[in-house]
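Welcome! Take a moment to look over the sequence and the structure, and then let us walk through them together.

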Amino acid sequence: MTEFEHVTTDAAVKTYKSANGVFEALLGEVRELSKKKPDATLSKSKVTLINAVLSDLLTILNSEPEGKYLHALEDENLPQVSDALMMMAQFNTVLIAFRARYYQSVEVGYERYWITKELLAAWESEETQDENDEDHQ
């Protein structure tokens, strides 16, 4: 089995998949707001909604090399739309890097897989089973 330089977990992939779509939608909305009123202050409810998604993403992105710069939006002193957009753009960059790092093309069939500990363990188990089957023939 090919060794992979970067390996994540099924739980991290699940978090990525569940939060990324919502994040992209929120990022689009904040971009639109930024075009109209970049200096406007976000409402408490908007910050709470955005932070709910960012908090989920932080659980998987904090350990990424680029993740050390990420944090949720300030909810005590509500941010301006342009500040929120800048922070969300950083999240977007790290999300793109996460996908590029762990969603890889594999030589067998050249299909793409999320490279996770669990997937590699399953492949290892299949290889061991195939070797055992060959030994008994």
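## How the helices pack

The crossing of H1 and H3 is left-handed. In this predicted model, helix H1 covers residues 10-36, and its angle to H3 is about 145°, with the two axes 10 Å apart. On the H1 side, the contact is made by Ala12, Tyr16, Asn20, Phe23, Leu26, Leu27, Val30, Arg31, Leu33 and Ser34. On the H3 side, the residues taking part include Val81, Leu85, Met88, Phe91, Leu95, Phe98 and Arg99. Sorted by class, the residues of this contact are 15 nonpolar, four polar and two charged.

Let us step back for the overall plan. The chain has 137 residues, and 35% of them count as buried. Its secondary structure comes to four helices and two strands, and from the N terminus on the elements run α-α-α-β-β-α. What share of the contacts between residues at least 6 apart in sequence join residues at least 24 apart? The share is 70%.

Now follow H1 to its other partner here, H2. The axes of H1 and H2 come within 9 Å and cross at roughly 145°, and H1 passes H2 in a left-handed crossing. From H1, the contact draws on Ala12, Thr15, Tyr16, Ala19, Val22, Phe23, Leu26, Val30 and Leu33. H2 answers with Lys46, Leu49, Ile50, Val53, Leu54, Asp56, Leu57, Thr59 and Ile60. Here the classes divide into 14 nonpolar, two polar and two charged residues.

The remaining pair to visit is H2 with H3. Helix H2 spans residues 44-61 and helix H3 spans residues 81-102; they pack at an angle of about 40°, and their axes are 11 Å apart. H2 and H3 are therefore oblique to each other. H2 passes H3 in a left-handed crossing. In this contact, Ile50, Leu54, Leu57, Leu58, Ile60 and Leu61 of H2 meet Met88, Phe91, Val94, Leu95 and Phe98 of H3. By class, the contact of H2 with H3 has eleven nonpolar residues, with no polar and no charged ones.

Start with Tyr16, which is found in helix H1. Is Tyr16 buried or exposed? Tyr16 has a relative accessible area of 7%, and the cut-off for buried is under 20%, so Tyr16 is buried. Not counting residues up to four places away in sequence, Tyr16 touches Ile60, Leu95, Phe98, Arg99 and Trp114. Take Arg99 from that list: Tyr16 and Arg99 are 83 residues apart in sequence, yet their C-alpha atoms are 8.7 Å apart in space.

Next, move to helix H2, where Asn51 lies. Asn51 is buried, with a relative accessible area of 10%. A polar atom of the Asn51 side chain lies 2.7 Å from the backbone nitrogen of Leu73. Leaving aside its neighbours within four places in sequence, Asn51 is in contact with Ala72, Leu73 and Asp75.

Glu64 takes us into the loop between H2 and H3. Which residues does Glu64 touch, not counting those up to four places away in sequence? They are Val94, Phe98, Arg101 and Tyr102. Glu64 has a relative accessible area of 5% and is buried.

Thr93 has its place in helix H3, and at 51% relative accessibility, where exposed means over 50%, Thr93 counts as exposed. Thr93 and Glu66 are 27 residues apart along the chain, and 8.5 Å separates their C-alpha atoms. Lys37, found in the loop between H1 and H2, also counts as exposed, at 57% relative accessibility. From Lys37 to Gln80 the distance is 9.1 Å, C-alpha to C-alpha, while 43 residues set them apart in sequence.

How values were computed. Residues numbered from 1 in each chain as written. Predicted model: local features only at pLDDT ≥ 70, side-chain atom pairs only at ≥ 80, totals over all residues. Heavy atoms only, no water. Axes fitted to C-alpha atoms, helices over the stretch in contact; angles between N-to-C directions. Parallel < 35°, antiparallel > 145°, perpendicular 65-115°, else oblique. Left-handed = near helix turned anticlockwise from the far one by under 90°. Contact = heavy atoms within 4.5 Å. Nonpolar A, V, L, I, M, F, W, Y, C, P; charged D, E, K, R; others polar. Buried < 20%, exposed > 50% of the residue type's maximum accessible area, 1.4 Å probe, protein only. Polar contact = N/O pair within 3.5 Å; in protein donor to acceptor, adjacent residues only side chain to side chain.
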